[in-house]
Every structure is written in structure tokens, then in C-alpha cells.
Amino acid sequence: MPFERITIEPAVCAGKACIRGLRFPVSTLLNLLASGETAESILTAYPYLENDDITEALRYAAWLAEGECAELA
């Protein structure tokens, strides 16, 4: 996987993709962004996160989406 800040470990968050092994799932970060939170507000609320974590989470989501194909009705 071409990501330095995304970790997947079976013993951490049941193997979900996390930010740097911090037990902070990438999905949580993406949901915060999708609900309208800004990068600044997320970094304030979670001071152990870094701006590069947010950027890499977005790159990871885009990378996952490239492999998805859904038929629209």
C-alpha cells in the first residue's frame, strides 16, 4: 500500500485502516470531513492528528474509490 500514515493492524481497531496506528480509524476522519468539519476544527479537537494525516486519509479514500464500480439505475 503506497501510504505512510495509514496503518492496518489486526490487533488495532479490528483491522480497520487507522491513522498511524493511533486507534483513530480513517473512516472516522472521513466522516468528520463529510459532515462539514474543517481540517482546522478536527486538528483542534484531536491534537494528536496532523494536517498530513487528513491529506493522506483523503488520498486513501480516493485510492479505494478507484477500484469501485457501481451500476447506477
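Five salt bridges are present in the structure; a salt bridge here is a side-chain nitrogen of Lys or Arg within 4 Å of a carboxyl oxygen of Asp or Glu. Side chains of opposite charge can pair when their charged atoms come close.

The model is predicted: local features need pLDDT of at least 70, side-chain atom pairs count only at pLDDT 80 or more, and totals for chains, interfaces and linings use all residues. Residues are numbered from 1 along each chain as its sequence is written, and side-chain values use heavy atoms, with hydrogens and water left out.

**Overall layout**

The protein chain has three helices and two strands. Their order from the N terminus is β-β-α-α-α. Helices (H or I, at least four residues) and strands (E, at least two) are DSSP runs, numbered from the N terminus. The C-alpha trace spans about 40 × 30 × 20 Å along its principal axes.

The chain has 73 residues, and 29% of them count as buried. Buried means under 20% relative accessible area, exposed means over 50%, and partly exposed lies in between (1.4 Å probe, protein chains only).

Contacts are heavy atoms within 4.5 Å. Among the contacts with a separation of 6 or more, 44% join residues 24 or more positions apart.

The protein chain carries 5 positive and 11 negative charges, and their mean positions are 8 Å apart. Lys and Arg count as positive, Asp and Glu as negative; His and the chain ends are not counted. Each charge is placed at NZ of Lys, CZ of Arg, CG of Asp or CD of Glu.

**Arg5 and its partners**

Arg5 sits in the segment before strand S1 (6–7). Arg5 counts as buried because its relative accessibility is 18%. Not counting residues up to four places away in sequence, Arg5 touches Cys18, Ile19, Arg20, Glu50, Asp52, Asp53 and Glu56.

The side chain of Arg5 makes a polar contact with the side chain of Glu50 at 3.0 Å. A polar contact is a pair of N or O atoms within 3.5 Å; within protein, one must be able to donate a hydrogen and the other to accept it, and residues adjacent in sequence count only if both atoms are side-chain atoms.

Arg5 also forms a salt bridge with Asp52 (3.7 Å, N to O). This pair links distant parts of the chain: Asp52 is in helix H3 (residues 51–66), Arg5 is in the segment before S1, and the two are 47 residues apart. Asp52 is partly exposed, with a relative accessible area of 45%.

A salt bridge with Asp53 joins the set (2.6 Å, N to O). Asp53 lies in helix H3 and Arg5 in the segment before S1, so this pair ties together parts that are 48 residues apart in sequence. Both Asp53 and Arg5 are buried.

Arg5, Arg20, Glu50, Asp52 and Asp53 are linked in a network of salt bridges.

**A pair within helix H3**

Arg59 and Glu56 meet through their side chains in another salt bridge. Both residues lie in helix H3, three residues apart, about one turn of the helix. Arg59 is partly exposed, with a relative accessible area of 43%. Glu56 counts as buried because its relative accessibility is 9%.

| Salt bridge | N to O distance |
|---|---|
| Asp52 and Arg5 | 3.7 Å |
| Asp53 and Arg5 | 2.6 Å |
| Arg59 and Glu56 | 3.4 Å |

**Loops and backbone**

Cys13 is not a glycine, yet its phi is positive, about 50°. Cys13 lies in the loop between S1 and strand S2 (18–19). With 24% relative accessibility, Cys13 counts as partly exposed.

Arg23 also has a positive phi, near 60°, and is a residue other than glycine. Arg23 belongs to the loop between S2 and helix H1 (26–34). Arg23 is exposed, with a relative accessible area of 53%.

**Ala34**

Ala34 is in helix H1. At 67% relative accessibility, Ala34 counts as exposed. The C-alpha atoms of Ala34 and Tyr48 are separated by 20 Å, and the two residues are 14 residues apart along the chain.
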